[in-house]
Amino acid sequence: MSKKVGVLLINLGTPEQPTPQSVRQFLAEFLSDRRVVDIPKLLWMVILHGVILRIRPKKVAKLYQSIWFDDGSPLMHYSRKQQRALQQALAGQDIPVELAMTYGNPSMVDAGKSLAKQGVEHIIALPLYPQNSRTSTAAAFDSLARGLAKCPHVPGLTWISDYHDHPEYIAALAASVEEYWKAFGRGDHLLMSFHGIPERLERIGDPYPKQCRTTAKLLAEKLGLSSDQWQEAFQSRFGREEWVKPYTDATLVAWGQKGMGRVDVVAPSFSVDCLETLEEIQIQNKEIYLEAGGKDYHYIPALNADPRHIEFLARLVNEYLPFK
Ligand SMILES: C=CC1=C(C)c2cc3[nH]c(cc4nc(cc5[nH]c(cc1n2)c(C)c5CCC(=O)O)C(CCC(=O)O)=C4C)c(C)c3C=C
Ligand SMILES: [Fe+2]
Ligand SMILES: [Fe+2]
């Protein structure tokens, strides 16, 4: 038995415009998701609507403005590029590729309809999160399930839960670091900065932090780095809870205060560049490091639509093909 297969690339979502209204709409949907914030619902709704959505959108809209591209949000720009490139890579196999966001547009429903129109009866869903967390991957799964609930029938489904230790993913990351070093010289230390999650979630079984540590170790091994040449850290802390440590910003302050030389930063939990890499890592964290006394700081871009990344994604899809 064989059915036509299609690929659904999934990422987080992003505001339509770098304006407070648009950012508020995005944050309201994202931060209302119980997979992302799981404190008691009534309390959280009061904090979210009473405080956070009144203050944060204005501040964060300015940050988006500082990195916005001519054609929109960087996350959307690179996600579209990935979709087109993967579509091309899989064209010979007649496998269509659609893009959907967990929050906002393009929606799961629109992407599903488009795949159905192209005759797809089995979807390979590929969340572009190398490491699996309830706050990202599981949230994407819920969003897909909500989308499918609106469809007349549910197609076959293959869910790629993570690829944090896939040798070709590690090789693509290592090649991007080496290429960067070849073009711009090499720092004394490599900081691998992953998006953080609350520490409490790791204690109750979220596999994400452990998978990040594995990715970091494998990348260091592939690059031939000794333990004093690299470190992993976790960024983008939100709220008052303790998040997984070490924190990226605190690490950079400590390194700067020691008067360390050049630091290179790579972000292996981000498939595409976005606010958290282009603004938080490339702008904010650079300032933090230099102000603390560090000498030089470079951000190594995400894999985005790099040919090696697309080749890896095409291979991953092929490894998960249900009908061989
Ligand atoms: C409780 C808060 C958050 C958790 C948990 C969280 C997990 C998480 N997020 C990503 C990937 C991205 N997050 C991005 C932005 C972003 N993240 C949070 C909060 C949590 N994330 C907020 C509030 C924001 C918006 C910006 C802000 O207000 O500070 C983005 C970038 C989006 C963009 O438009 O560019 C990405 C990507 C992962 C992978 C993850 C868990 C592993
Ligand atoms: Fe986030
Ligand atoms: Fe951030």
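Which residues does His195 touch, not counting residues up to four places away in sequence? His195 touches Gln235, Ser236, Ser269, Phe270 and Glu276, where contact requires C-beta atoms, placed from the backbone, to lie within 7 Å.

The model is predicted: local features need pLDDT of at least 70, side-chain atom pairs count only at pLDDT 80 or more, and totals for chains, interfaces and linings use all residues. Residues are numbered from 1 along each chain as its sequence is written, while chains are lettered from A and ligands numbered from 1 in the order in which they are written.

An unreviewed UniProt entry places the feature "binding site" at His195 and Glu276; such annotations may be inferred rather than shown by experiment. Glu276 in turn touches His195, Gln235, Ser236 and Phe270, with residues up to four places away in sequence left out.

Helices (H or I, at least four residues) and strands (E, at least two) are DSSP runs numbered from the N terminus. A residue is buried if 20 or more other C-beta atoms, placed from the backbone, lie within 10 Å of its own, exposed if 12 or fewer, and partly exposed in between.

| Residue | Element | Other C-beta atoms within 10 Å |
|---|---|---|
| Glu276 | helix 10 (residues 275-292) | 20, buried |

Elsewhere, 5 of the 5 residues of strand 2 (residues 97-101) are buried, so this strand is largely enclosed by the rest of the structure. Val97, Leu99 and Met101 point one way, and Glu98 and Ala100 the other way.

Notes
Contact = placed C-beta atoms within 7 Å.
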